[in-house]
Amino acid sequence: MRIVSGIQPTGNLHLGNYLGAIRNWVRMQDAMEQDQGECLFFLADLHAISMPHDPAQLCANTLEMVAALVACGIDPDRSTLFNQAQVPAHSQLQWLLSGTARMGWLNRMTQFKDKSGKNREGASIALFTYPVLQAADVLLYQATHVPVGEDQKQHLELARDIAQKFNNDFCPGYSDEGSDVPGVFTLPDPIIPPDAARIMSLRDGSAKMSKSDPSDMSRINLTDDADTIMKKVKKARTDPEPLPSEEKGLEDRPEAANLVGIYAAMSGQSVSDVLTTFGGEGFGKFKPALGELLVEMLAPINARFIELKQDRESLDAILAKGALKAREVARPTLDAAYNALGLIRG
Ligand code: TRP
């Protein structure tokens, strides 16, 4: 089993980022030890230039994300942790795969349509070919499994289509119905976490928790100290009703559902377990319990994160080590792809 996944470097990391991708990666890494597999996790800094961006901000965000990943439990000694830009094979393989990916396939990608919006003509070419780079990211390492959010499923299917067509077109004797001739690329399977908690704003249960929300009270940052966390939870928007005893009772109560969802995700319980404990209680009782749980779980992460964020030397060393390992793993596949295409490299 080889698990490969990437995350775009964003700044101002919060609880939504943690309970979304990051914690899931940590779990996979920890499960891997008994299982004889390995994990490669990277910062998708090359993908970040597909949208207008500020270079200094990108650089800062990449370093901040590395600090967050390590603080949350990604261990650079057990997992390969790196950024794309330090492994030129990502860009190289992207070009090679661009000969195989079809315009029609990319035209169907919904993320491009969403992100380019009405301004298709003004969108960057990188935004259009973004999924080809993503295919290169995983095919380069012969990934067997790729943990992603639901929104990335289509990109993963594209990666499989590209791998399949490349193998068919350029590996004589290869057959996708099964044959003894291996293709250059492994077809990766997505892993979409079933219980991915959608963490919403503390001020508005219908909006996602977001770094760009102007109100800092809407989110719990990974840099927040215990007092701040407590204050934000206590001030979180709610309704006046006590908590229901069953999940159904949360249906038209987005703020209540969000807080219960956060409690469930942080404690590893199901929503219905949480309601068994707190059903009938008012928020005067539930909020302090939630606040304490968050403080307990986030305090060690918070301390490590703040320390590491300021330690540029350690961050550079982590990335350098990861890149070295990634380049090694990538080399045979990149060589095989050049060869299969008839490209002479001396
Ligand atoms: N596009 C992904 C996202 O926005 C990030 C990403 C880039 C990625 N390359 C990847 C995810 C390769 C999985 C595998 O979430």
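Which helices and strands cover the buried residues of α4? In this predicted model, the cover includes the helices α2 (45–48), α7 (125–139), α8 (153–170) and α13 (312–340), together with the strand β3 (80–83). The protein as a whole has 13 helices and 5 strands. Its radius of gyration is 22 Å, close to the 20 Å that the globule rule gives for 346 residues, so the protein is as compact as a globular protein of that length.

**Overall form and surface**

- Along its principal axes, the C-alpha trace of the protein spans about 70 × 45 × 45 Å.
- Of the 346 residues, 46% count as buried.
- The protein exposes about 16,600 Å², and carbon and sulfur atoms supply 51% of that area.
- When contacts between residues at least 6 apart in sequence are considered, 73% of them join residues at least 24 apart.
- The side chains include 35 positive and 45 negative ones, and the centres of these two sets lie 4 Å apart.

**Helix α4**

- Helix α4 comprises residues 89–98, and its buried residues are A89, H90, L93, Q94, L96 and L97.
- Seen down the axis of α4, these buried residues fall within an arc of 165 degrees, so they line one face of the helix.
- Among the elements that cover them is α7 (125–139), the helix in which A136 is placed.

- The C-alpha atoms of A136 and S91 are 7.8 Å apart in space, while the two residues are 45 apart in sequence.
- A126 also has its place in helix α7.
- With a relative accessible area of 34%, A126 is partly exposed.
- A distance of 9.5 Å separates the C-alpha atoms of A126 and A48, which are 78 residues apart along the chain.

**Strand β2: L43**

- L43 lies in strand β2, which covers residues 38–43.
- The relative accessibility of L43 is 0%, so this residue counts as buried.
- Apart from residues up to four places away in sequence, L43 touches I7, T62, M65, V66, L69, L81, F82, N83 and Q84.
- L43 and M200 are 157 residues apart in sequence, and their C-alpha atoms are 24 Å apart in space.

**The loop between β1 and α1: N12 and H14**

- H14 is placed in the loop between β1 (2–7) and α1 (15–35), and N12 lies in the loop between β1 and α1 as well.
- H14 is buried, with a relative accessible area of 5%, whereas N12 is partly exposed at 46%.
- Not counting residues up to four places away in sequence, H14 touches M209, S210, K211, R219, I220, N221 and L222.
- N12 has a positive phi of about 50 degrees, although this residue is not a glycine.

**The loop between α7 and β4: Q142**

- Q142 is found in the loop that runs between α7 and β4 (145–147).
- Q142 is not a glycine, yet its phi is positive, at about 55 degrees.
- At 22% relative accessibility, Q142 counts as partly exposed.

**Helix α10: E255**

- E255 lies in helix α10, which covers residues 254–267.
- E255 counts as buried, because its relative accessibility is 12% and the class takes in values under 20%.
- Leaving aside its neighbours within four places in sequence, E255 is in contact with D204, G205, R237 and T238.

Note on methods: Residues are numbered from 1 along each chain as its sequence is written. This is a predicted model: local features need pLDDT of at least 70, side-chain atom pairs count only at pLDDT 80 or more; totals for chains, interfaces and linings use all residues. Side-chain values use heavy atoms; hydrogens and water are left out. Buried means under 20% relative accessible area, exposed over 50%, partly exposed in between (1.4 Å probe, protein chains only). Helices (H or I, at least four residues) and strands (E, at least two) are DSSP runs, numbered from the N terminus. The arc is that of the directions from the helix axis to the C-beta atoms. Contact means heavy atoms within 4.5 Å. The radius of gyration is taken over C-alpha atoms; the globule rule is 2.2 Å times the number of residues to the power 0.38. Accessible areas come from the Shrake-Rupley method with a 1.4 Å probe; for residues, only the protein chains shown count as cover. Lys and Arg count as positive and Asp and Glu as negative; His and the chain ends are not counted. The place of a charge is taken as NZ of Lys, CZ of Arg, CG of Asp or CD of Glu.
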